[in-house]
Amino acid sequence: MAYVDAEIASQPDCWREAARLAGTVAGTLPRPGERVAVVGCGTSWFMAMAYAGLRERAGHGETDAFQASEFPADRRYDRLIAITRSGTTTEVLDLLAALHGRTPTTVLVGDPGSPAVTFADTAVPMPFADERSVVQTRFATTALALLRAHLGDNVEALAADAEVAVRAPLPLDPARIDQATFLGRGWTVGLAQEAALKCREAATFWAEAYPAMDYRHGPISIAGPGRLVWAFGELPEGLPEDVAATGAAFVHSRHHGCHTVLGSWAAGRTPVDPMADLILAQRFAVALATSRGLDPDAPRHLTRSVVLA
């Protein structure tokens, strides 16, 4: 079994641990009304996008997400949250150093001994969610689970959905698909971006992501037989029918089951929360790699952390 398989399967327990941790670190996380920036690189940036959408939806205040390298240095925030698994990513460390003494910073990090812990004003170490794999799965979702717990979400219910997602059959056979597009709305746009990234990283597979409402403004032109459209969260009216007309498979998890057009799904309960649906997408990416004869623990051209000279 690949390392990433075991790490994906451990997410329900990691989310529960994150919920317990959230109750002890509340003072280091954003207060309602604060103007907040959230940064990361790659997967961490997509989790920042999801949290920003959730925090604003919950009415806690203006929240912006940025790639760490693209943070607007002249813009003022009450607090900056940085998400970094390794705590060694160059762009994150550079930003934390630049903001020292100007903006309060908190880092969510996997390695409590990493440089980011020293560079930030406060740190929330999560070594229980750190990973051996290059391809990031459980640390990212656990960081988001902690932030969601701080917003008041019921993480135990999320973990119950995750328990289903780690065991459920995949919605369709990856070997039948030669391209995938992931869609989201609001906070789930970040999840869609992350699902597509997992397919690219683990399986060198052609995968894209878009806001669901924008999909019919051009990207739908590549849909067709042998291709997949996978939607997270709220679904635009008429989208399943439009995708079906192209001949592409369509997957969307919802309260009463998984809606799959030209795919297959075993009977029974399916994940409700889009973050649990992301687990299915992670597993789909690993299965894609296996079907293509690739090792998901050894992705091409990638390392666990990008450290620039």
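Trainee: At roughly what angle do the axes of helix H7 and helix H10 cross?

Mentor: Happy to start there, keeping in mind that this is a predicted model. Helix H7 covers residues 155-167 and helix H10 covers residues 274-291. Their axes come within 8 Å and cross at roughly 20°.

Trainee: Which word describes how H7 and H10 lie to each other, roughly parallel or roughly perpendicular?

Mentor: Angles under 35 degrees count as roughly parallel. The axes of H7 and H10 cross at roughly 20°, and the crossing is right-handed. The two helices H7 and H10 are therefore roughly parallel.

Trainee: How many nonpolar, polar and charged residues are in the contact of H7 with H10?

Mentor: Let's look at who meets whom. From H7 come Leu158, Asp161, Ala162, Ala165, Val166 and Arg167, and they meet Met275, Ala276, Ile279, Leu280 and Arg283 in H10. By class, that contact has eight nonpolar, no polar and three charged residues.

Trainee: Now to the strands: how many residues of S3 are buried?

Mentor: In a regular strand, side chains alternate between the two faces of the sheet. In strand S3, Arg79, Ile81 and Ile83 are buried on one side, and Leu80, Ala82 and Thr84 are buried on the other. The count for S3, residues 79-84, is six of six.

Trainee: Which residue of S4 stands opposite Ala82?

Mentor: Good one to finish on! Strand S1 (residues 36-40) pairs with S3 in the parallel sense over four bridges, and there Ala82 is the bridge partner of Val39. Strand S4 (residues 105-109) also runs parallel to S3, joined by five bridges. In S4, the residue opposite Ala82 is Val107.

How values were computed
Residues numbered from 1 in each chain as written. Predicted model: local features only at pLDDT ≥ 70, side-chain atom pairs only at ≥ 80, totals over all residues. Heavy atoms only, no water. Axes fitted to C-alpha atoms, helices over the stretch in contact; angles between N-to-C directions. Parallel < 35°, antiparallel > 145°, perpendicular 65-115°, else oblique. Left-handed = near helix turned anticlockwise from the far one by under 90°. Contact = heavy atoms within 4.5 Å. Nonpolar A, V, L, I, M, F, W, Y, C, P; charged D, E, K, R; others polar. Buried < 20%, exposed > 50% of the residue type's maximum accessible area, 1.4 Å probe, protein only. Pairing = 2+ DSSP bridges.
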